Amino acid sequence: MAIRMVVIGAGDRGRTYASYAEAYPDELRIVGVAEPNEESRSYFAKRYALPEKFQWRSWEAAVAAMPETDVVAICTPDALHLEPALAFLDAGYHLLLEKPMARSWEACRQLAEKVRQTRRLVLVGHVLRYTNYFTHLKAVLDAGEIGDVVSIQHMEPVAYMHAAHSFCRGNWGNTVRSTPMILQKCCHDFDQFVWWLGRRCLRVSSFGGLTHFRPENRPAGAAARCLDCPKAIERACPFSARKIYLERTTYRYPFVDQSDSGMERLLKDSPYGRCVYACDNDAVDHQIVNLLFDGGVTVSHIMESYTYTGGRETKIFGTRGEIVGNGRTLRIYHFSDRTTTEWDSVLEAGLNGSGHGGGDFGIVRELIRQLEHGTEADHLAAFEMSLESHKIAFAAEKSRLAQGEVQVLEG
Ligand SMILES: NC(=O)c1ccc[n+]([C@@H]2O[C@H](COP(=O)([O-])OP(=O)(O)OC[C@H]3O[C@@H](n4cnc5c(N)ncnc54)[C@H](O)[C@@H]3O)[C@@H](O)[C@H]2O)c1
């Protein structure tokens with residue numbers, strides 16, 4: 001019998017998780033949607049043949065209807081995670097909850113209390129845990145191939161177009177409306193460190209800021225919207241919305257209407273058509289975080305917007321070897337016999353086809369597995385690890401705002 005899922009927020013993430021039901025209809029069935037945007041709701045409802053009574057205009061209406069479902073996927077904007085999560089937990093549902101789970105550490109703790117009390121499964125959207133690539137990396141570490149881990153050097157290249165799209169013009173440009181970039185983007189990475197090491201993070205310090213997407217960097221004569229910009233200025237600009245959305249298609253993925261005419265409309269009317277130097281953004285464009293883990297393991301993490309492509313690059317240094325990963329391939333260097341093994345995630349069977357290196361479908365598969373076979377202890381363990389990553393992210397932001405002051409993490 002397929003697991004039943006109600007989706008709250010039929011935007012990019014809601015549609016992504018729901019599409020698992022199209023690929024694996026025997027495993028997952030979509031039974032309802034809550035979405036205030038008419039176009040997104042009807043697109044979604046049509047795709048999953050949802051009757052009118054299982055379409056709601058808000059999460060409040062959905063929880064009040066007490067739908068017959070096994071799990072609720074909360075895929076609303078960052079500011080709308082905590083309240084629906086608490087309400088659906090009170091109503092007795094299991095959750096697939098998008099990260100960040102909440103917008104402050106206090107709110108995360110409030111949610112954690114509710115999870116421990118209701119003993120429901122709350123799988124937080126840390127999709128990287130379920131990719132072939134990171135699963136293999138974790139297996140190499142657990143097998144002791146490189147001995148004891150001494151330190152980690154990890155980089156998250158954001159990609160200049162992605163930075164302009166999400167963290168300047170888009171949903172996460174303004175941290176008052178959304179969340180700090182180190183939480184939004186890097187709680188994935190902190191989740192990885194906690195998972196790889198199986199240790200607690202004890203201390204954190206961080207520096208970073210917003211260097212480039214500022215009004216003072218706007219070229220003289222540039223218009224407030226790219227479609228109105230003088231041609232010479234627009235052609236020379238790496239961040240031109242015309243280049244990103246009209247001449248390329250990569251960043252059309254979040255929008256329901258991805259046609260050229262849909263993009264023309266988007267650039268005319270929406271925040272995505274704004275000059276990157278004329279937005280209401282305050283998100284950082286670079287940040288570094290140093291972490292000290294239990295047992296003296298150190299991690300240095302860099303998040304950088306001005307890179308050609310995105311992904312993750314990692315070096316892990318152990319007492320018997322070294323792992324070098326570029327997001328696709330892992331090279332494992334063994335000191336004792338000076339041999340090297342190479343492993344390419346793309347050549348492996350699995351869910352590589354879905355977004356985030358297979359993690360988008362991987363987390364839904366894990367959700368189904370946990371609901372079918374997981375114990376309450378397994379459910380709680382998955383949530384507690386995600387909680388730890390949020391704790392690190394909030395401490396990093398606090399440190400950054402205090403010019404790198406070391407934050408000691410509570411137990
Ligand atoms: N796990 C990941 O890797 C990952 C990646 C990107 C985004 N996210 C997170 O997923 C969440 C959703 O991001 P997105 O890119 O899908 O955003 P989105 O804007 O595309 O989708 C959010 C949807 O929620 C809807 N919504 C707003 N208020 C609502 C309400 N009261 N009730 C029901 N629906 C409501 C919006 O209309 C919108 O359609 C964000 O919190 C984001 O940070 C996670």
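Q: Which residues lie nearest the centre of the largest cavity?

A: Rolling a probe the size of a water molecule over the atoms shows where empty space is left. On a 1 Å grid over the protein atoms alone, a cavity is a set of points where a 1.4 Å probe fits but cannot get out, and a pocket is an open set with protein on both sides within 12 Å along at least five of seven lines; lining residues have an atom within 4 Å of a point. In this predicted model, the largest cavity has 14 lining residues, with Ala 222, Cys 226, Cys 229, Cys 237 and Cys 275 nearest its centre. Its lining comprises eleven nonpolar, one polar and two charged residues (Ala, Val, Leu, Ile, Met, Phe, Trp, Tyr, Cys and Pro count as nonpolar, Asp, Glu, Lys and Arg as charged, and the others, Gly among them, as polar). The largest cavity holds about 100 Å³ of space, where a volume is the space filled by probe spheres set on the points, joined across faces, edges and corners.

Q: On what conventions do such values rest?

A: Residues are numbered from 1 along each chain as its sequence is written, and side-chain values use heavy atoms, with hydrogens and water left out. Because the model is predicted, local features need pLDDT of at least 70 and side-chain atom pairs count only at pLDDT 80 or more, while totals for chains, interfaces and linings use all residues.

Q: Why does the second largest pocket lie between two domains?

A: Domain bounds come from an automatic or database domain assignment. Domain 1 (3-120) and domain 3 (215-273) both contribute lining residues, so the second largest pocket lies between them. This pocket contains about 280 Å³ of space. Its lining has 15 residues, and Asp 12, Arg 15, Thr 16, Ser 19 and Tyr 253 are the closest to its centre. By class, the lining has six nonpolar, four polar and five charged residues.

Q: How is the packing of helices α6 and α15 described?

A: Two packed helices are described by the angle between their axes and the distance between the axes. Helix α6 (residues 105-118) packs against helix α15 (residues 376-401) at about 170°, the axes being 10 Å apart. The two helices are therefore roughly antiparallel, a term for angles over 145 degrees. Among the residues that meet are Trp 105 and Leu 111 in α6, and Phe 383 and Phe 394 in α15. The contact (heavy atoms within 4.5 Å) involves nine nonpolar, one polar and three charged residues.

Q: Which peptide bond is cis, and which residue other than glycine has a positive phi?

A: Most residues other than glycine have a negative phi, and most peptide bonds are trans. Here Lys 99 and Pro 100 are joined by a cis peptide bond, with omega about -5°. Pro 100 sits in the loop between β5 (94-97) and α6. Arg 119 has a positive phi, near 55°, and belongs to the loop between α6 and β6 (122-124). Helices (H or I, at least four residues) and strands (E, at least two) are DSSP runs, numbered from the N terminus.

Note on methods. Axes are lines fitted to C-alpha atoms, for helices over the stretch in contact, and angles run from 0 to 180 degrees between N-to-C directions. Angles under 35 degrees count as roughly parallel, over 145 as roughly antiparallel, 65 to 115 as roughly perpendicular and the rest as oblique.
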